[in-house]
Amino acid sequence: MKVNIVSLTCCAGCVSSFLNAGDALVEILAGDFDIVYSPTFIDLKEIPNVDLAIVEGGVRTKDDETLIREVRAKCRILVGLGLCATHGGITSLGNMLSLKNLLEKEYSLIDTTKLPELEDLMYPICNFVDVDYYVPGCPPMPFLIVHTLKSIVSGKQPERHQSVVCTECHRKIVAAKLDRLYGIYEKPADPVLCMVSQGFVCLGSLTREGCGAPCPRAGFTCFGCRGPPDSMMYRSRDMYAFLVKVIASRTSIPEETIKEELYRNPFVFHTFIFSRFERAKARDRVV
Amino acid sequence: MSSKEITISPTTRIEGHGKVTIMLDESGNVADAHFYATEIRGFEYFLRGMEADRLPFIISRICGVCSTAHIMASVEAIESIYQTEITDTARKLRELLLMGQIVSNHSLVIYFLTLPDFWFPLEEDPSKRNIFQIMRERPDVGKRAIALRSFGAKILDVVGKREVHILSVIPGGLITPLREREREELLKEAENSIAIAGEALATGKELFEKNWADFKRAGDYRTHYMALTQDDAINFYRGNIRIINPEGGNVAEFAAQDYMEHVEEKIYPWTFAKFGYLKALGWLEGIVQVGPTARINVNSKTTTELANAELREFKRKFGTPAHTTILLDYARLIDLMYAVEKAKELLEDKTLTRSDTRVKVEPKGGRGIGVVEAPRGTLAHEYVLSNDGRLEQLKLIIPTQINNQAINLNVKDAATEFIHNGEIKPGLLNRIEMVIRAYDPCIKCATRTTGERLRVEIKNHWGRLLTIL
């Protein structure tokens with residue numbers, strides 16, 4: 001199988017994560033997996049026709065858009081690797097400023113005729129091309145990438161992860177009695193109790209499983225880097241209201257107080273998904 | 001009229017979307033050359049207003065390759081505002097994480113990005129000049145590369161709790177202590193990694209010797225150098241910042257907190273990446289380089305045995321300070337050796353598993369700076385926090401920004417060496433890219449906005465595109 005690995009606007013963390021797969025990576029590379037084009041590793045400057053294209057990063061410039069269209073036209077299967085490609089990722093936080101504002105205020109000293117033109121927003125790739133498999137995560141864990149690629153190479157459907165991070169987290173959910181929410185630096189986390197039951201704003205209950213819950217396991221909050229689970233990928237679902245209900249039921253803090261606290265912080269919820277992700281289109285293809 | 005422009009885009013085997021333009025004069029000789037960053041992401045503006053307790057793990061998304069260094073600088077900056085003194089255990093674990101970062105980054109750069117240039121003859125078919133081809137021919141080299149990277153990744157996974165974008169480092173220390181079983185496991189792998197690093201050094205030196213006469217032709221720019229120093233030894237985590245001049249004399253030595261008083265940034269309209277330079281000497285005079293060679297030039301030793309022997313040999317062979325650009329690839333191997341040795345030394349310390357990894361922080365507003373040695377050189381984050389704990393201002397001075405002007409001058413140097421009378425010799429493109437590659441520039445970091453490619457376009461002097469190489 002001939003493979004392209006392409007990077008758009010991103011941090012290169014997803015390909016780094018793939019390289020961290022160790023023995024599994026050696027195994028993949030020794031098998032039917034022939035990387036023929038990848039600016040990160042290979043000097044070829046023209047994109048060839050291939051079976052599989054792996055794309056990390058989203059679309060921030062017109063160059064990215066041209067590139068992703070060309071990549072799609074030249075591959076049979078397209079995999080969006082990582083949250084920037086699948087949902088827009090961290091760079092879509094920049095969507096809070098309009099393009100005009102951005103150029104006038106932030107990049108006024110830049111001569112835009114010499115650099116690629118910017119899109120009006122940061123987009124996930126599904127806004128421009130069809131995507132066969134989405135592998136969200138910031139970055140996706142190496143085993144998840146390996147599992148997905150192995151399935152594709154052997155012609156099988158990759159196993160889908162449809163539920164929420166809580167199903168992979170060992171922590172015990174209890175209905176605690178708390179008077180307020182806590183920041184992650186404010187107190188050490190109990191090793192056994194659910195993070196939300198301790199008053200931390202953990203997004204595990206509305207984030208897709210498949211990562212093995214490394215963050216809540218380590219005593220950190222889940223910050224939603226796998227994007228919404230299947231049950232949340234309908235237009236009618238109000239994730240915000242759902243989060244308020246989850247926190248209220250596990251802490252006994254009045255819903256009004258929680259809402260106030262969450263609205264005070266614009267980054268609680270949209271840190272990783274502030275984009276124009278077309279939910280309905282993607283529902284059955286998220287790995 | 002024969003004047004034209006040569007463009008290399010995308011630059012390959014480099015982290016970030018970059019582009020090179022070489023302007024030729026009427027007789028076809030090099031008039032000027034630019035190394036561009038063509039991607040933007042905009043962390044500087046969308047982080048404004050962010051709460052301090054989400055800052056480190058969001059700011060690490062600037063770069064997936066050196067994320068640990070960014071988190072570390074970020075947390076140290078916040079701690080300097082909060083005036084937090086972390087425990088010795090936390091300090092050791094953080095240094096171990098930085099060593100994990102150096103191992104995982106340098107094994108990537110050495111094997112996956114730069115090795116193919118040394119391994120294959122210059123005339124080799126470009127589509128073959130890559131690590132995957134090396135793996136096909138010599139599976140053992142590939143296995144070693146991946147084993148070494150896995151050791152770095154494992155440190156980050158076990159101590160940092162994730163391999164890329166670690167999360168255990170927070171203001172006040174580390175979120176969880178290291179378990180005894182984990183320490184023993186890592187220690188076992190450290191032994192093996194030192195052996196692999198030794199082999200990498202031997203192979204690297206052999207390839208270097210073979211090609212040295214040819215390599216030193218391009219890029220020999222004399223500049224100032226800057227790096228962290230602790231008792232005159234290389235250190236990635238603690239110590240003063242020292243600047244030396246091109247002759248090797250000390251120009252300045254100061255604490256990390258004073259960093260911003262010494263370094264200034266400049267903007268050019270043709271690139272999204274800024275240029276760092278020394279304030280006291282002004283633009284152009286004050287060009288300074290950071291990174292593996294700078295670390296060796298600024299310091300006289302390392303605290304570990306094998307790396308120190310290599311460092312002495314390096315200084316003996318190339319003098320001090322060493323200027324030739326391509327030596328960065330050599331110096332990186334010494335960095336790698338130091339990192340695995342230091343990781344082993346830290347892991348041998350049984351107090352590493354003590355449970356006092358975290359102290360309570362008292363959030364407050366103010367200004368603070370965090371400085372560490374990232375894989376590519378000195379990295380500084382400066383924040384101003386408001387009293388309610390939100391980010392008001394941030395300034396990031398990133399190694400590639402500081403090296404930016406040196407890279408540009410070196411590209412011009414290399415182009416002048418290889419292009420005469422408008423004639424482009426075969427392999428030219430890659431020779432210029434090799435000079436850039438030696439710096440291991442992280443364009444993504446430098447602009448808080450870049451991707452992953454270089455391409456060469458030949459334009460006539462009206463800017464019309466003639467060919468793309």
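Let us begin with helix α3 of chain A, residues 62-73, in what is a predicted model. How far apart should the ends of this helix be? At 1.5 Å a residue, its twelve residues should span 16 Å, and the end C-alpha atoms lie 17 Å apart, which agrees. Several residues of α3(A) are buried: Asp63(A), Asp64(A), Glu65(A), Leu67(A), Ile68(A) and Val71(A). Against what do the buried residues of α3(A) pack? Their partners are strands of chain A, namely β1 (2-7), β3 (50-56), β4 (59-61), β5 (75-81) and β6 (118-123).

I turn now to a pair of helices in chain B. The axes of α12(B), residues 399-418, and α13(B), residues 428-438, come within 9 Å and cross at roughly 155 degrees. Because of that angle, α12(B) is roughly antiparallel to α13(B). Their crossing is right-handed. On the side of α12(B), the contact is made by Ile407(B), Asn410(B), Val411(B), Ala414(B), Ala415(B) and Phe418(B); α13(B) contributes Leu428(B), Arg431(B), Ile432(B), Val435(B) and Ile436(B). These contact residues comprise nine nonpolar, one polar and one charged.

Finally, I come to the contact between the chains. Chain A provides 57 residues and chain B provides 61. On the side of chain A that touches chain B, at least two residues each come from α1 (13-19), α2 (23-30), β4 and α7 (214-217). Which of these elements gives the most? That is α1(A), with five residues.

Definitions and conventions: Residues are numbered from 1 along each chain as its sequence is written. Chains are lettered from A and ligands numbered from 1 in the order in which they are written. This is a predicted model: local features need pLDDT of at least 70, side-chain atom pairs count only at pLDDT 80 or more; totals for chains, interfaces and linings use all residues. Helices (H or I, at least four residues) and strands (E, at least two) are DSSP runs, numbered from the N terminus. The expected span of a helix is 1.5 Å times one less than its number of residues. A residue is buried if 20 or more other C-beta atoms lie within 10 Å of its own, exposed if 12 or fewer, and partly exposed in between; C-beta atoms are placed from the backbone. Two residues are in contact if their C-beta atoms, placed from the backbone, lie within 7 Å. Axes are lines fitted to C-alpha atoms, for helices over the stretch in contact, and angles run from 0 to 180 degrees between N-to-C directions. Angles under 35 degrees count as roughly parallel, over 145 as roughly antiparallel, 65 to 115 as roughly perpendicular and the rest as oblique. A crossing is left-handed if the near helix is turned anticlockwise from the far one by less than a right angle, and right-handed if clockwise. Ala, Val, Leu, Ile, Met, Phe, Trp, Tyr, Cys and Pro count as nonpolar, Asp, Glu, Lys and Arg as charged, and the others, Gly among them, as polar.
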